[in-house]
Amino acid sequence: HECFDCCKPLAGKPIKGWFSHVHGKGARPDLRFVKENIVLHCYPGGCHQRWETGNRGDMPLTQALYDLISSKYPDNKLGRQSVDKPD
């Protein structure tokens with residue numbers, strides 16, 4: 001496993017902090033379980049925190065994916081539907 005943006009190796013047992021939502025769960029709950037909206041980011045103190053805090057200038061791969069998902073799943077603001085969690 002490696003970080004989606006900086007390609008840093010993610011060694012050892014996977015931890016929850018590695019899994020990062022490209023579109024945050026609070027802002028886009030409809031994308032919570034969409035697989036392409038979840039990437040691996042280095043954590044702690046790495047790309048996961050930078051993405052979550054909005055310091056995204058040096059994260060071109062995640063930003064490109066964000067833009068792609070934005071166009072594929074337009075945000076309808078008020079009429080969002082929750083995506084059922086897969087089995």
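**Exercise 1.** In this predicted model, determine which residues Ile69 touches, not counting residues up to four places away in sequence.

*Solution.* Step 1: apply the contact criterion, heavy atoms within 4.5 Å. Step 2: with residues up to four places away in sequence left out, Ile69 touches Val22, His23, Leu31, Glu36 and Asn37. In general, nonpolar side chains in soluble globular proteins tend to be buried together.

**Exercise 2.** Is Thr62 buried or exposed, and with which side chain does the side chain of Thr62 make a polar contact?

*Solution.* Step 1: locate the residue; Thr62 lies in helix H2 (residues 60–72). Step 2: compare its relative accessible area of 0% with the cut-off for buried, under 20%. Thr62 is therefore buried. Step 3: examine the polar partner; the side chains of Thr62 and Asp5 form a polar contact at 2.2 Å. Step 4: list the neighbours. Not counting residues up to four places away in sequence, Thr62 touches Asp5, Phe4, Val22, His41 and Trp51.

**Exercise 3.** Describe the overall organisation of the protein.

*Solution.* Step 1: count the elements; there are two helices and two strands. Step 2: read their order from the N terminus, which is β-β-α-α. Step 4: consider the surface; the protein exposes about 5800 Å², of which carbon and sulfur atoms supply 56%.

How values were computed:
Residues numbered from 1 in each chain as written. Predicted model: local features only at pLDDT ≥ 70, side-chain atom pairs only at ≥ 80, totals over all residues. Heavy atoms only, no water. Helix = DSSP H or I, 4+ residues; strand = E, 2+ residues; numbered from the N terminus. Buried < 20%, exposed > 50% of the residue type's maximum accessible area, 1.4 Å probe, protein only. Polar contact = N/O pair within 3.5 Å; in protein donor to acceptor, adjacent residues only side chain to side chain. Areas by Shrake-Rupley, 256 points an atom, 1.4 Å probe, with all protein chains shown as cover.
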